[in-house]
Amino acid sequence: MADTQEFAEAGPLAGIVVVDLSRALAGPHAGMMLGDLGARVIKVEAPGHGDESRTWGPPFLGPDDQPVSSYFLSANRNKESVVADLKSDAGKELLTRLVQRADVLVENFRTGVLDRLGFSVERLHELNPRLVVLSITGFGPDGPEAGRAGYDQIAQGEAGIMSLTGEPGHPAKVGVPIGDLLAGMYGVSGLLAALLERERTGRGRVVRVSLLSALVGVHAFQGTRWTAAGEVPHAIGNHHPSIAPYGLFEAADGALQVAVGNDPSWRAFAAVAGLDPDDPRFATNRLRVQHRDELIAAVEAAFAAHPRDHWLARLSEAGIASGKVRTLDEVYEWEQTRSQGLLIDVEHPLLGKVALPGPAVRFDDAPPKQHTPPPLLGEHDASVRAWLDEE
């Protein structure tokens, strides 16, 4: 394991040092996940402006002369920041020293950029044979379109996700940069496997993931509808293409969601909604899917008689999965969200106490992690260089 600072938090990755050269979201999200797991994450940023997500807003917080982007806050907790111009001799020297001390390097440059900077995979492994490299690109490191820039919405369209989302005939992006986030998550899973492998082999390897691969990787049953069954899926709004009733329905005062995953659940649901479970159009899931429009109309006609809380209570009593459609303020005020550690407080040097979305992963018997705030640009220049000088 590489050296780490005394203040590094305990965790499964305690002792692991990560050099994060990435910016925007896919790589930074991966780096943040590693920091959540206890790794020391050193974010290397360009002088003057740093990660471009520092300028993405509004909203901005803090003083007008040092505005802090809420976008940047979302992907950079538990990191340190140093600045380096990687085209300069001084910047290359700093990166060389960091690579020699690191366990992991995360980068999301376009294909070939690191090579041109003098840090090809071969050079990185000359400097540190145990280094695991996570490389994130837009459309993959090779193939006819390897050089394309990787922006989430472009990738959502190219990877077919937008054709599956929204109302029929109106392609829609997912409401968060899901390609970026999934690429970061897939990248971390591959990276952790490579770290485990390194314990056996003594050598690191390159883990490669792209926005395209991540989005195709979550096609799930929609993918096999085409690859195995020859059927091209299309968006059908807020209802499931293969299960019914499963989706969003209007009650007297607003929307609720219901998921009826099997025929016994259908019979219980029909009793609550006052529908005939043996109606020849709806007796089996296959029939319900074939007659989905008629089923939706029948359910909404029944639900129109009462407000959604009435139906949610009755559905819960009957063991039927159901729920509200919450706005984000409602989500973060919800006691269940807070009980899972999904809202954390950090003490930011400019903003003071600020609340952030928390990590998704918990470990039994582990004390709550004390998270550090997303860093100011170059905030840790002196401390990181002092650590390097301790060799």
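Student: Which residues lie nearest the centre of the largest pocket, and how many residues line the pocket?

Tutor: This is a predicted model, in which local features need pLDDT of at least 70, side-chain atom pairs count only at pLDDT 80 or more, and totals for chains, interfaces and linings use all residues. Residues are numbered from 1 along each chain as its sequence is written, and side-chain values use heavy atoms, with hydrogens and water left out. On a 1 Å grid over the protein atoms alone, a pocket is an open set of points with protein on both sides within 12 Å along at least five of seven lines; a cavity is a set where a 1.4 Å probe fits but cannot get out; lining residues have an atom within 4 Å of a point. Here 49 residues line the largest pocket, and Arg77, Pro357, Gly358, Pro359 and Ala360 lie nearest its centre.

Student: What is the volume of the largest pocket, and how do its lining residues divide by class?

Tutor: A volume is the space filled by probe spheres set on the grid points, which are joined across faces, edges and corners. For the largest pocket it is about 1600 Å³. By class, Ala, Val, Leu, Ile, Met, Phe, Trp, Tyr, Cys and Pro count as nonpolar, Asp, Glu, Lys and Arg as charged, and the others, Gly among them, as polar. The lining comprises 27 nonpolar, 15 polar and seven charged residues.

Student: Which residues are closest to the centre of the second largest pocket?

Tutor: They are Leu164, Thr165, Gln222, Gly237 and His239, out of 25 lining residues. This pocket has a volume of about 530 Å³, and its lining has 14 nonpolar, eleven polar and no charged residues.

Student: What lines the largest cavity?

Tutor: The lining consists of His239, Ala244, Pro245, Tyr246, Phe249, Arg292, Leu295 and Ile296. The cavity holds about 30 Å³ of space.

Student: At what angle do H11 and H14 pack?

Tutor: Two packed helices are described by the angle between their axes and the distance between the axes. Helices (H or I, at least four residues) are DSSP runs, numbered from the N terminus; axes are lines fitted to C-alpha atoms over the stretch in contact, with angles from 0 to 180 degrees between N-to-C directions. H11 (residues 263–273) and H14 (residues 308–317) pack at about 140°, with axes 10 Å apart. Contact (heavy atoms within 4.5 Å) involves Phe269, Ala271, Val272 and Ala273 of H11 and Trp311, Arg314 and Leu315 of H14.

Methods: Helices (H or I, at least four residues) and strands (E, at least two) are DSSP runs, numbered from the N terminus.
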